[in-house]
Amino acid sequence: MKGNNKNKMKIYAQGREITLLNNNEQEYISLTDIAKYRSEDSSSVIQSWLRNRNTIEFVGLWEQLNNPNFKPHEFEGFKNQAGLNGFVLSPKKWIESTDAIGIISKSGRYGGTYAHPDIAFEFASWISPEFKLYIIQDYQKLKNSESYKNQLEWNAQRFLTKTNYKIHTDAIKNNLISNSLTPAQKGFKYASEADMLNVVLFGITAKEWRSNNPELKGNIRDFASIEELIVLSNLENYNSILIEKKIDQSTRMQELRKTASKQLAILYNVDTATFKKLEQQNKVDS
């Protein structure tokens, strides 16, 4: 059993590494990793399982119970074709045709096929009942581990950051937004302040992050560490105070950079040399 970060964690079943992925606050287990218990050609194994009538009935029922946007007509079409020699069903085709949420297909850094634990355990049973038990055992250990508690702390901190975001936007509304601005200009003002904090903390704007990470859902803050979220929450509060004091954005940005560097240094427990390097970078950027 091993925890990595809030988006990606791992468990081990009979020495085999299985990835867990947090996607939109829901945990998914890698079918790709489980399939390798049977064959390195994991895609073929998953497709063989998915084209089975019993599998389609199971995942279809799961979607009907958990997904209000599931398309039952397309599901019935697949169920009627199941068992025919020429019938082939890939995870991507299933997802796109039925708007399924129980199985997801990821590309890029965490590429592969993932499924909700209910479905992943069903797949593991089809692979090997014994292997399934090992997976469940380590998965349960993870739930009780410190790394999983850290993930819950991240979710709590993400909530706090969203709450402080309201304080931040109210300060912008009350001090930087005038009635003379058009709706588009008002929207730009909010985005400008939010992106200033992104640049201060992450060194990149939200648009730049999305361009660099097209395969990831969510935004730059969804992929922040808990330390970064703590600092971001503090920056939102501090920037609100600076805005109310009528301090211009350029000056606020310099002050926020210094604050972010110092707080990150403390939270990451970096050494003195690294801390000085952060301070020097602030002077260069300023």
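Author: This is a predicted model.

Reader: What makes S4 and strand S5 count as paired?

Author: Pairing requires at least two bridges between two strands. S4 and S5 (residues 112-115) share four bridges, in the antiparallel sense, and they therefore count as paired.

Reader: Where do these strands belong in the sheet, and what is the order of its strands?

Author: The open sheet consists of five strands, ordered S1-S2-S3-S5-S4, with antiparallel pairing. On average, neighbouring strands in this sheet are turned by 35° against each other, direction ignored.

Reader: Why is one side of strand S1 and of strand S4 left without a neighbour in the sheet?

Author: S1 (8-13) and S4 (103-106) stand at the edges and have a single partner strand each, so one side of each lacks a neighbour in the sheet. Helix H5 (residues 91-98) lies across S4 and S5 and runs at about 120° to S4.

Reader: Why is helix H3 called roughly antiparallel to helix H4?

Author: The axes of H3 (residues 53-66) and H4 (residues 72-81) cross at roughly 170° and come within 9 Å. Angles over 145 degrees count as roughly antiparallel, and H3 is therefore described in this way relative to H4.

Reader: Which residues of H3 and H4 meet?

Author: From H3, Arg53, Ile56, Glu57, Gly60 and Gln64 meet Pro72, Phe75, Phe78, Lys79 and Asn80 of H4. By class, this contact comprises four nonpolar, three polar and three charged residues.

Note on methods:
Residues are numbered from 1 along each chain as its sequence is written. This is a predicted model: local features need pLDDT of at least 70, side-chain atom pairs count only at pLDDT 80 or more; totals for chains, interfaces and linings use all residues. Side-chain values use heavy atoms; hydrogens and water are left out. Helices (H or I, at least four residues) and strands (E, at least two) are DSSP runs, numbered from the N terminus. Axes are lines fitted to C-alpha atoms, for helices over the stretch in contact, and angles run from 0 to 180 degrees between N-to-C directions. Contact means heavy atoms within 4.5 Å. Angles under 35 degrees count as roughly parallel, over 145 as roughly antiparallel, 65 to 115 as roughly perpendicular and the rest as oblique. Ala, Val, Leu, Ile, Met, Phe, Trp, Tyr, Cys and Pro count as nonpolar, Asp, Glu, Lys and Arg as charged, and the others, Gly among them, as polar.
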